[in-house]
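Open the model in your viewer and keep the selection tool at hand. This tour moves from stop to stop.

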Amino acid sequence: MASHRRPKQPSRARVTVLTTAAAAAVAFSSQAANAAPSEKPSKDEVKAKVDKLYEEAEQATEKYNGAKEKQEKLQKEISTIQDNVARGQEELNELRDSLGLAAASQYRTGSIDPSVQLFLSSNPDDYLDKASTLDQLSSQQVEALKKVQEKQRELAQERAEASEKLKDLASTRTELGKKKKEVQGKLGSAQKLLNSLTAAEKQALAAQEDRASRDSARDALTGNVPPGSGRAAAAFAFAKSQLGKPYVYGATGMSSYDCSGLTSRAYAAAGVQIPRTSEAQTGAGTRISSVSQLKVGDLVFFFNDLHHVGLYAGNGQIIHAPRTGTVVRYESMDTIGGPFMFGVRV
């Protein structure tokens with residue numbers, strides 16, 4: 001008679017594991033089914049992020065401009081000092097040569113000029129004092145030796161100054177490189193965001209900016225605002241002649257500009273040298289706190305850190321170089337993206 005074995009029942013632990021796994025699978029499937037697909041940022045969201053990156057890039061640009069200006073200034077100062085050192089060394093050599101000729105002449109007559117002892121002395125200042133006191137040197141020789149010593153001191157001081165400025169120049173170049181990298185990083189991030197837009201979205205953004213610029217130009221031209229001084233009028237006329245030229249960070253013209261590059265070049269065209277950076281340009285004249293007191297051609301500054309500047313165009317409008325991807329244009333002060341801080345009448 002055949003025996004019938006009951007099939008082995010799964011253990012309670014195994015049943016629990018299988019039940020839990022099944023429940024988890026069902027829950028995951030339900031969540032996956034109900035989860036909304038990741039949404040692509042809208043055109044306006046992308047624009048807001050891009051505008052923020054451009055603002056940060058402009059902040060870094062003004063710091064880059066400051067470092068670049070400092071580098072150029074240091075290079076000129078170092079060159080001047082090095083030229084002075086070279087001329088001073090020539091003068092020192094001539095003084096030494098004249099003393100050497102006098103010593104050689106006395107040597108031929110059998111006597112050594114005490115000036116030779118000066119150069120062999122471990123303490124020339126002490127020797128000079130004693131020699132003068134003892135009348136061992138003529139007044140003319142004492143004067144010549146004093147000139148040698150003074151020139152030596154001057155050269156030592158100038159060489160030390162040049163050495164310090166060279167160190168400063170090296171650190172400034174390092175800072176310049178960091179700021180350039182920061183600007184490029186911000187601009188690269190902004191470009192990636194713009195590349196995520198469709199062609200239609202890009203076209204819509206471009207049309208929106210173009211429309212805003214045309215409206216600002218119309219408002220500026222119809223405004224009744226008193227002109228500034230002759231210099232301000234000349235600077236403004238130059239800025240108008242640059243309308244349509246692209247923004248490029250660090251650029252001062254004539255084919256492209258950044259914000260402070262445009263304003264500094266405009267006033268240079270009017271015969272007035274103002275500083276290179278927006279922050280430094282705040283000290284170029286008299287501050288004007290109210291928009292109602294502004295005149296055409298006044299410098300106008302925006303954002304708490306003063307990293308943006310333009311030229312007042314009248315009726316609440318400015319001419320400026322806004323940011324990467326734009327051109328020199330008219331724009332309403334209300335759409336700059338940062339608060340108006342004050343104006344400056346150069």
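**Stop one: the largest cavity**

By class, six nonpolar, two polar and two charged residues make up the lining of the largest cavity. Here Ala, Val, Leu, Ile, Met, Phe, Trp, Tyr, Cys and Pro count as nonpolar, Asp, Glu, Lys and Arg as charged, and the others, Gly among them, as polar. The model is predicted: local features need pLDDT of at least 70, side-chain atom pairs count only at pLDDT 80 or more, and totals for chains, interfaces and linings use all residues. Residues are numbered from 1 along each chain as its sequence is written, and side-chain values use heavy atoms, leaving out hydrogens and water.

Select Tyr54, Ala57, Glu58, Thr61, Val183, Leu187, Tyr247, Tyr249, Arg323 and Thr324 to see the lining. The largest share, four residues, comes from α2. The space inside is about 40 Å³. A cavity is a set of points on a 1 Å grid over the protein atoms alone where a 1.4 Å probe fits but cannot get out; lining residues have an atom within 4 Å of a point.

**Stop two: Thr263**

Next, select Thr263 in helix α8 (residues 259–269; a helix is a DSSP run of H or I, at least four residues). Thr263 is buried, at a relative accessible area of 0% (buried means under 20%, with a 1.4 Å probe and protein chains only). Leaving aside residues up to four places away in sequence, Thr263 touches Ile274, Gln281, Leu299, Val309, Gly310 and Leu311 (heavy atoms within 4.5 Å).

Terms used
Helices (H or I, at least four residues) and strands (E, at least two) are DSSP runs, numbered from the N terminus. Buried means under 20% relative accessible area, exposed over 50%, partly exposed in between (1.4 Å probe, protein chains only). On a 1 Å grid over the protein atoms alone, a cavity is a set of points where a 1.4 Å probe fits but cannot get out, and a pocket is an open set with protein on both sides within 12 Å along at least five of seven lines; lining residues have an atom within 4 Å of a point. Grid points are joined across faces, edges and corners, and a volume is the space filled by probe spheres set on the points.
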